[in-house]
Amino acid sequence: FIVAAIQRLFKLAEGDEEKRKHIKRKQICGCELRPDMYTYACSNMRFRGDGKSNLYNGDCFNNEATIRDNHQPTVAFLNPPYGKTVSCARQMEFVEHALNTINPQADGRVVAIVQMSCGIKNEKDLIEVKKRLLAKHHLKAVLSMPDDLFYPVGVVTCIMVFEANKPNEGKKTWFGYFKDDGFEKRKNLGRIDARNRYTAIKERWISAFRNLDEILGLSVRKEVIAEDEWCAEAYMETDYSTLCDEDFIRKMRDYAAFLVGSSSPNVPFTYTNLSLLSNKLNLYTDTWQWFRYDEIFKIKKGFYNKKPEENFNGEIPFIGATDSNNGITSFHDLNTIESSSKTGEIPNAPLKEKLFSKNSITVSNNGSVGYAFYQNKEFTCTHDVNPLYLKNKIITPYIAMFLCTIIEMERFRWAYGRKWRPVRMPSSKIKLPAIKNDKGDYEPDWQWMEDYIKGLPYSGCL
């Protein structure tokens, strides 16, 4: 940040040597706790034209008054320490410290890149810090960053932008979903812009941020409080305009391939690309309606924390938090399931609590979050999976293929740091074809969904 800041200011100086001297003496300062990193920072600044005289070696909290009084900064950038020993509340205290150093007479701002968990956890001490922040400062924006931004370190981050000394109440926050920056992982190279996509993506992001535009699939504005989630994934509307026939066909092909692989030699499976109905229905999502998950689904919790030992003679599938093989990671017999407890240790639970009936859709709430699969036979599963059943209706394979495709459109909302646990799922929303009932209320049009799937190729496999 220090290096980028001085280079940016030098560029704005446009070769004016007096301005460059003023920048080095008056317009930049920094603080680093570790002596080795402090030495590296000084060296880096020296190589780039000096400016090292305003770098402090020590605890930033202890230097808060010195930095505020001597330098009166108007902009602060920071990347607080992460790790198991640094709580989210502590990370946000670093943000609070930076805001406290900003000149109260200036139009100041603070930009911090923190763990995503700082924006979504509901721990008491974290909420207390966030309350203090919002009481004095405006949370202008939160940007959800690419999952592999710090590759190979596996940390999911977001960027928080604050306007200093402007209370948040009555103001909206701009949330941006900046997951795809165009970079791709390459062996021995790390993340690189292999397809030269970043420049165009960056320009679009910057334009959207500067204008606080609400763009479907990219950004949304909402006023939040300390107890709310601070991330785009919680509020951004899914872009259904991208939905097409191929999305449903792909889901059917994957399920048909699973059926081929799992079929018995004595009962061969017929793989066909034929459709069951000759009249194909057209997608028109503009007339679809939103439904809460708990309006249409009976949501159940999975069971196992520790998977039972695999029994190669078993026929009961174990559904795990995976993105392939219809969610199945192993097979077990009733004796193994009955004797295995939730955690691998006693006490045990009745067999009926471990088995789930067929005609269910299983959705991963952890690991490969958001993947949905139709289960056509009785199964058992991990607690990282939510089994879903329709209220007052049996899920057919055709309805299942439709719902699984739609459910997976919501995968962008969920990640390892933001799990789709049963506490979040009931209030989640899904957009579906709908008709009005006798009371004039909308309800899902299950028959239309079934007929639509039957009119697509590969529906003959179901």
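**Charges and strands in a predicted model**

Glu93 is partly exposed, with a relative accessible area of 25%. This value comes from a predicted model. Glu93 forms a salt bridge with Arg90. Their closest N and O atoms are 2.8 Å apart. Why can these two meet? Glu93 and Arg90 sit three residues apart in helix H5 (residues 88–101), so about one helical turn separates them. Arg90 is partly exposed too, at 34% relative accessibility.

The structure holds 27 salt bridges. Another one joins Glu123 and Lys121, at 3.6 Å from N to O. Glu123 is partly exposed at 31%, and Lys121 is partly exposed at 37%. Now find Arg292. Its salt bridge partner is Asp294, with the closest N and O atoms 2.7 Å apart. Salt bridges can also share partners: Glu64, Arg68 and Asp69 are joined this way into one network.

Helix H1 (2–13) and helix H8 (198–211) each supply at least two of the patch residues. Arg8 lies in helix H1. Arg8 has a relative accessible area of 47%, so it counts as partly exposed.

Finally, turn to strand S13 (residues 316–319). Ile316 and Phe318 point one way from the strand, while Pro317 and Ile319 point the other way. All are buried. S13 pairs with strand S14 (residues 328–332) in the antiparallel sense, over four bridges. S13 also runs parallel to strand S17 (residues 380–381), joined by two bridges. Ile319 has a bridge partner in each of these strands: Ile328 in S14 and Cys381 in S17.

How values were computed: Residues numbered from 1 in each chain as written. Predicted model: local features only at pLDDT ≥ 70, side-chain atom pairs only at ≥ 80, totals over all residues. Heavy atoms only, no water. Buried < 20%, exposed > 50% of the residue type's maximum accessible area, 1.4 Å probe, protein only. Pairing = 2+ DSSP bridges. Salt bridge = Lys/Arg side-chain N within 4 Å of Asp/Glu carboxyl O.
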